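Reader: I would like to go through this structure label by label. For each label, please tell me what value stands behind it.

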Amino acid sequence: MSEISAPDWFLWFKNLGSRIAEISNCISGDKSLRIALSCPSIDFVQWAIVAGALNTEKRPAHVPEFGETVVAWVGSKMQDGTLEASHSTKAALSIKGIGLSSEWPIARVPDGTPVARTPRSLSDLEKEELRKAVGRNSWYSWYTSKCVLPVSLIGNKGELISQRDHLIDHYPTWLTEQEKSLLGIQSGQIVNPNKFQYFPVSVLAPQLADTRPWLRQMESRLVVSSSYTAFRNIDPYFQQGAPHIQLIDRRGWNSVDAHAHIENQVEVHGDAKFELPSPPRGVFARTYFVDVNVDPGHISLDEDLEEFEL
Amino acid sequence: MKAKIEVTESIFGALSSHSIEVRAVEWPELLAFQYSLAYLERETQMVQPTIELESIIKKCSIIRRVLRASPVPPSSIHEQFLSLFIIDTQQIMQSHLAQGLAHLLIVAKELESSVNPFTEIAVDIISKDPGVLSGSGKFVPDVCLVVHSDAILAVNSWLDGEDLSASVETARRLQKQGARGCAVLFGSPELHTYSHNVDYASKTSSWLVTVPVAKKLFVLLGPGSRDYKSQNYELWSGMRFTDSDFKISNVLPRFEIDIVPTWIPATPKIKSNVLVNDTMSAIDAFPVLLPGDKWIFFAKENNIGPSPLVVYRGQENEISVKTVGLKEVQVGTVVVVRSEKSSRDFLYETAESWIDKRHGAGTANVDFHFLEQFRTGVQRLSLDPDALGNLTASGLEALYARYRLRTSWDDSSIAPQKLPVFKIFAKLIEMNEIAAAWESLARIRVAMRQAGHLALKELIDQLKNSDEWQVTVEAGGLASLAVENIGQLSIGAVRALPNEAQAMPITMLGKLIDADGTMIEDEDL
């Protein structure tokens, strides 16, 4: 395995991603952590955080019950199915008639999720890379644990994908083989909200969650908003139970508003006083907790107007 | 433009050794030009100026933007100055703005032949730049001059003429670039952004000093720049590099004395032969205790009466003074106070001779006759219980009318600067020859401003030439200094600032008062 050689700032953000992703996701009624980071530049910072977050072992907060739709690696592909009790003594669970152990990574697929989500198969090349990176034949269990609880990266999709490609192509030594195998997926489907839970990372535009309550109710291991526009415009119910990291570029045109917005959030919710590892010079942090509430589901414009008129 | 990791890497890389050096320079000619231009801008805010005047103001504001945020010598933008003088000003010269324009053109001439203090600093920094090796094996400059967008062409052309090499950027273009070895920001960060609110401008431009645009950043402050205080650039409290990360040179610190808290005497009740019982001339003033149990009062609002004149002193004994708001004065701050007679004589005398010299002998007599007539008329009006009602009935807001009536007792105030407002007062006090009076008062305003500059210069020179007053002040005493053409001044450190407002005539503000409440005359000092 090749040696990692990355600058300190990149390693710090990676370490931060790991530390924050380790925090268990919350359920309704709990308080969920938000971390705002004011940075001299945020380009590529988000990918360091994503890479770090994917290094952690984490399970979804919501444990699926029998009869619920779940996503899992079944039949050599990522696909949705109904969770059932296994009739076999060798397996605890069963999806699509295939027996699975109780430790098999699965995650709930909320009601309202498109029913006909096309299963995802991996190409032979992808499988080979994963086998090499993980170092064993049972790479799919490891890989699935990342996919069913992915990292959500919110922002400008084109720009973010371009930065990821630049990082992997020009600075491969900044990432481990495993990180590269998780980040380097060339499928355009990682920006498709319908394919959430099928990839280790999903890159989403902030408005996508507005009309998709099921996407808001899915779980991420970490939500990273790559700009003020991203965290200002994303639905407040979006994956509330996961910790969120909100990045502010001090060089950005809306930097003053972004900092003021966060100060306001800290004032409203109270300072979380969450201890972060000592940040690099020029990086400043604010932390606060938000209440996790039940998602109201889809509200149509008509319903919205009626409420407004009342 | 697609982001490059090299840019992010250079920014984080520069953070480890980033330092800021702030230098302040004086440029009296640009300062005078800015004041003069600001006057015309203010005067033409409400009234549409003529095309010619508008053109002159526009050209001057470009000159201002270029010079306060770039290293170019004024002579190198000769054509821009020349364009001011070819405009036909005949029509403007017949309006009430004639004096203002005349003054602007005089100071513009002086500015053109002056030296930009940024030039020498820039040349020094550029010539010390070792450069960096580029990909093609050539040394390229590693100094970046950050200038106003209006100055780009002039700076490049100046560099060519001087055979100097540096990259020239605007703040906006720099926003997407990586950190260099060295950058020079001409003017405070606020001058590189667009906002009329100075606090907001500090915030929007804060990235220039909180994101390393270079390992070493020089911030050069001149006329028009905001004083450099790190907290102005904090978007979150505490968001700054440690104090050791930047040093300020050439910015004089306040001259302050450690005051040991002791017994504070009771604030004196003012005894004055001026009517105090009239509500128009009496204002709420706050006391400031000086050594020797002497007192001085200032209005809390900045625009009423004189403001405290505080002393700045550098390590090399450089001296400067500056008027500040009362809220900026603290216990220990050294202030300069004028006594009764030393007040305005110099200003009036200088203004008179300036008017006579420019407009013919005898003009000043006529002008000051109008001023006297207007001032005493409004003072009489302020004693009339119906005055406020009459003024508001004429269309003035009550608050403003009250302010104008009060300031008629303030010898630093001349007359309303808006013609319609002036006409309302002139009519109420039954003043004749309104048009001629208006012109005279405009002339006095310009002349007084000119005299003010000279007085300040005289005061600073005298303070620099004498050390004795400093010994007295440092020992906790009240020093007395006779300044030629200005008169007797007292200098001392503030001992206490009791928060006890007291109503008093505006004429008593800013003057030395004894413990028994009487005003101290020159001969008592």
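Author: The model is predicted. To begin with the names of the elements, helices (H or I, at least four residues) and strands (E, at least two) are DSSP runs, numbered from the N terminus.

Reader: What makes the backbone of Asp293(B) worth a remark?
Author: Its phi is positive, about 55 degrees, although Asp293(B) is not a glycine.

Reader: Why is Asp293(B) called partly exposed?
Author: Buried means under 20% relative accessible area and exposed over 50%. Asp293(B) has 28% relative accessibility and therefore counts as partly exposed.

Reader: And Gln239(A): is that residue buried or exposed, and what decides it?
Author: Its relative accessibility is 3%, so Gln239(A) counts as buried, the limit being under 20%. Gln239(A) sits in the loop between α8 (228–233) and β10 (244–249) of chain A. Its phi, about 40 degrees, is positive although Gln239(A) is not a glycine.

Reader: What does Asp257(A) touch, apart from its neighbours within four places in sequence?
Author: Asp257(A) is in contact with Tyr228(A) and with Tyr200(B). Ser187(A) is 70 residues from Asp257(A) along the chain, and their C-alpha atoms are separated by 35 Å.

Reader: Turning to helix pairs, how do you know that α3(A) and α4(A) are roughly perpendicular?
Author: Two packed helices are described by the angle between their axes and the distance between the axes. Helix α3 (residues 124–134) and helix α4 (residues 139–147) of chain A have axes that come within 9 Å and cross at roughly 95 degrees. Angles of 65 to 115 degrees count as roughly perpendicular, so the label applies to α3(A) and α4(A).

Reader: Which residues of α3(A) and α4(A) meet?
Author: From α3(A) there are Lys127(A), Leu130(A), Arg131(A) and Val134(A), and from α4(A) Trp139(A), Trp142(A) and Tyr143(A). The residues of this contact comprise 5 nonpolar, no polar and 2 charged.

Reader: What gives α12(B) and α16(B) their label?
Author: The axes of helix α12 (residues 363–382) of chain B and α16(B) cross at roughly 105 degrees and come within 9 Å. The angle lies in the 65 to 115 range, so α12(B) is roughly perpendicular to α16(B). On the α12(B) side are Thr363(B), Asp367(B), Phe368(B), Phe370(B) and Leu371(B); among their partners in α16(B) are Ala436(B), Leu441(B) and Ile444(B). By class the contact has 7 nonpolar, 2 polar and 2 charged residues.

Reader: Which strands does α16(B) lie across?
Author: α16(B) lies across β11 (309–313), β12, β14 and β15 of chain B, and runs at about 140 degrees to β12(B). The open sheet there has 5 strands in the order β12-β11-β13-β15-β14 (chain B), with antiparallel pairing.

Reader: What makes β12 and β14 of chain B edge strands?
Author: β12 (319–323) and β14 (479–483) of chain B each pair on one side only.

Reader: How do you know that β14(B) and β15(B) are paired?
Author: Pairing requires at least two bridges. β14(B) and strand β15 (residues 487–493) of chain B have 5, in the antiparallel sense, so they qualify. Ala482(B) stands opposite Gln488(B) in β15(B).

Reader: By the count of bridges, what joins β7(A) to β8(A)?
Author: β7(A) and strand β8 (residues 201–204) of chain A run parallel and are joined by 4 bridges. With at least two required, they therefore count as paired. β7(A) also pairs with strand β9 (residues 222–225) of chain A, in the parallel sense over 4 bridges. Ile154(A) has Leu204(A) as its bridge partner in β8(A) and Ser225(A) in β9(A).

Reader: Which way do the residues of β7(A) point?
Author: Val151(A) and Leu153(A) point one way from strand β7 (residues 151–154) of chain A, Ser152(A) and Ile154(A) the other way, and all are buried.

Terms used:
Residues are numbered from 1 along each chain as its sequence is written. Chains are lettered from A and ligands numbered from 1 in the order in which they are written. This is a predicted model: local features need pLDDT of at least 70, side-chain atom pairs count only at pLDDT 80 or more; totals for chains, interfaces and linings use all residues. Side-chain values use heavy atoms; hydrogens and water are left out. Axes are lines fitted to C-alpha atoms, for helices over the stretch in contact, and angles run from 0 to 180 degrees between N-to-C directions. Angles under 35 degrees count as roughly parallel, over 145 as roughly antiparallel, 65 to 115 as roughly perpendicular and the rest as oblique. Contact means heavy atoms within 4.5 Å. Ala, Val, Leu, Ile, Met, Phe, Trp, Tyr, Cys and Pro count as nonpolar, Asp, Glu, Lys and Arg as charged, and the others, Gly among them, as polar. Buried means under 20% relative accessible area, exposed over 50%, partly exposed in between (1.4 Å probe, protein chains only).
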